[in-house]
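Work through the exercises below with the sequence and the model open. Each task is followed by a solution in steps.

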Amino acid sequence: MRRDVDVQHPSRRQALRASLTAASALAATQAVAAPARPDAPRAVPAGQYARNVELVGYTDMDHRPAFKMAIRRVGNRWYLYTGHFWDSGWSVVDVTDPRRPEVVAFVPGPKDTWTLQVDLHGDIMVTALEQIFPNFGGDPEAGFEEGIYIWDIKDPVRPRRLGHYRTGGTGTHRNLYPGGRHVHVAAGAPGFRGNIYTIVDIEDPARPREVGRWWVPGQRDDEQGPPPAERPHTHGFCCADSADVSLHGPPYVAGDLAYLPYGAAGLIVLDISDVTTPVPVGGLNFSPPFHSRFGVHGVLPVPDRKVAFANSEDVSYGKGAAPHASIVDISDPAHPWLLSLFPTPEPPPGAPYPDFPSRGGWSGPHNINHHQHHPDVQRQGDLFYIAHFNAGLRVYDVSNTRLPREVGYFVPPDPTRRYGPMPEGRLVAQTEDVVVDRRGYIYISDKNQGVHVLRYTG
């Protein structure tokens with residue numbers, strides 16, 4: 001039975017935080033819109049560095065730092081949907097006027113559960129539920145909710161929960177919902193080390209069911225030998241059991257092919273013309289020479305250009321092997337090959353650090369303008385946007401895929417308040433995600449501050 005839950009107005013933030021402590025695992029199903037406050041001042045942090053990127057607006061997210069984001073236009077209004085780092089739940093932000101973004105609803109999530117990830121298409125939203133990693137403050141002994149929630153977002157500020165799919169394990173990390181009946185999931189399933197690929201049918205959203213799965217040989221507990229390229233690692237995690245061979249996600253679908261960013265196992269291409277039986281087609285290893293954990297963190301295929309964008313994630317605080325952001329030739333998906341590497345960001349003039357790995361916090365690439373299946377997201381063209389942790393947003397000209405070049409950046413100011421235990425050590429900016437809407441407005445999130453709204457001016 002579905003139960004209604006409270007949705008917060010920003011003015012009731014303290015009361016909601018108290019209610020979160022007692023929140024049930026059944027998350028909010030009815031949201032109440034907060035009134036717009038057109039005359040409210042917008043405090044924009046100072047001290048940022050920028051080149052060919054201007055700051056348009058900022059929201060502190062009611063002191064709930066956002067992580068993954070998805071953008072959607074409904075009528076003449078624009079809405080940004082976000083997961084959160086240190087709060088269980090999801091926010092809806094009205095960004096119709098990008099100069100004055102306004103949090104208009106917050107939907108509480110289940111206790112002791114990560115609600116980082118969000119994806120949507122049309123009137124359906126899919127949100128991830130996952131066990132919180134210990135280095136992010138999770139308690140391995142605490143109960144948690146896991147899997148995905150499926151939501152009806154016809155009313156954009158009152159999400160209504162339709163169904164819940166459970167993996168039976170640690171939950172899901174980053175998933176893809178490109179519309180239609182299938183969600184493509186990075187699942188922590190019982191009996192496996194690391195996340196595996198599962199395909200979930202949501203034709204009946206109230207009764208989602210798994211219809212297909214695939215994993216790297218060696219991931220299953222009863223298989224001989226460890227997964228290939230397994231290496232010890234002491235910095236951070238990419239899945240709840242800290243395996244190097246793990247599907248980070250999202251599995252990105254292009255036609256009958258699924259492109260999987262599979263950590264130390266690299267980029268893997270599957271034929272999913274029969275979703276019940278995914279079949280390996282090809283792949284490309286990145287580890288070595290690049291680091292093993294999160295060796296491939298994200299993949300965005302662009303079949304029309306016969307390329308894919310790929311990147312790793314470095315969680316070693318600059319103490320491990322180099323990260324990468326790459327362009328891969330996928331003209332023959334059975335034999336992808338490395339086409340070029342993006343140049344490493346350099347500190348802006350006057351910055352008090354010689355390079356970003358020595359600045360503090362995590363450095364290197366993280367997320368890209370990934371949601372190309374959204375009609376309201378700017379199509380991938382000659383500009384490529386990537387969140388680069390302590391180097392902020394980086395913008396590259398990829399008109400020549402053999403010679404990508406940086407044409408802009410925005411490095412946010414360092415946070416002034418710590419909301420969670422990460423990053424370890426010095427509190428510095430950690431740009432996490434980037435979404436670009438088809439109006440050209442760029443949204444970036446941070447572990448310990450709000451969402452900046454930007455625009456490329458080059």
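**Exercise 1. Aromatic pairs**

How many aromatic pairs does the structure hold, and how is the pair Phe85 and Phe136 arranged?

Solution. The model is a predicted one. It holds 20 aromatic pairs. Take Phe85 and Phe136: the ring centres are 6.1 Å apart, and the planes make an angle of 5 degrees. Rings pair if their centres lie within 6.5 Å, and planes under 30 degrees apart count as stacked. The Phe85 and Phe136 pair is therefore stacked.

Phe85 is in the loop between β4 (77–84) and β5 (89–94), and Phe136 is in the loop between β8 (124–129) and β9 (147–152), so the pair ties together parts 51 residues apart in sequence. Both Phe85 and Phe136 are buried.

**Exercise 2. A second geometry**

Classify the pair formed by Phe342 and Tyr396, then find where each residue lies.

Solution. Start with the numbers: 4.8 Å centre to centre and 65 degrees between the planes. Planes over 60 degrees apart count as edge-to-face, and that is the class of Phe342 and Tyr396. Phe342 sits in the loop between β22 (337–341) and β23 (383–387), while Tyr396 belongs to strand β24 (residues 393–397). The pair links distant parts of the chain, 54 residues apart.

Now check burial. The cut-off for buried is under 20% relative accessible area. Phe342 has 8% relative accessibility, so Phe342 counts as buried. Tyr396 has 1%, so Tyr396 is buried too.

**Exercise 3. The cluster**

Which residues form one aromatic cluster?

Solution. The members are Phe67, Phe85, Trp86, Trp114, Phe133, Phe136, Tyr317, Trp362 and Phe389. The stacked partners Phe85 and Phe136 from Exercise 1 are among them.

**Exercise 4. Charges over rings**

Which rings lie under Arg64 and Arg161?

Solution. Arg64 lies over the face of Phe106, 3.8 Å from the ring centre. Arg161 puts its charged end over the ring of Tyr149, at 4.2 Å from the centre.

**Exercise 5. Two open sheets**

Solution. β11 pairs with β12 (residues 182–188) over two bridges. Thr172 has Ala187 in β12 as its bridge partner.

β26 and β27 (residues 441–446) share four antiparallel bridges. Val435 has Tyr443 in β27 as its bridge partner.

Definitions and conventions. Residues are numbered from 1 along each chain as its sequence is written. This is a predicted model: local features need pLDDT of at least 70, side-chain atom pairs count only at pLDDT 80 or more; totals for chains, interfaces and linings use all residues. Side-chain values use heavy atoms; hydrogens and water are left out. Two strands pair if DSSP finds at least two bridges between them. Rings of Phe, Tyr and Trp (its six-membered ring) pair if their centres lie within 6.5 Å; planes under 30 degrees apart count as stacked, over 60 as edge-to-face and the rest as tilted. Buried means under 20% relative accessible area, exposed over 50%, partly exposed in between (1.4 Å probe, protein chains only). A charge sits over a ring if NZ of Lys or CZ of Arg is within 6 Å of the ring centre and within 35 degrees of the ring normal.
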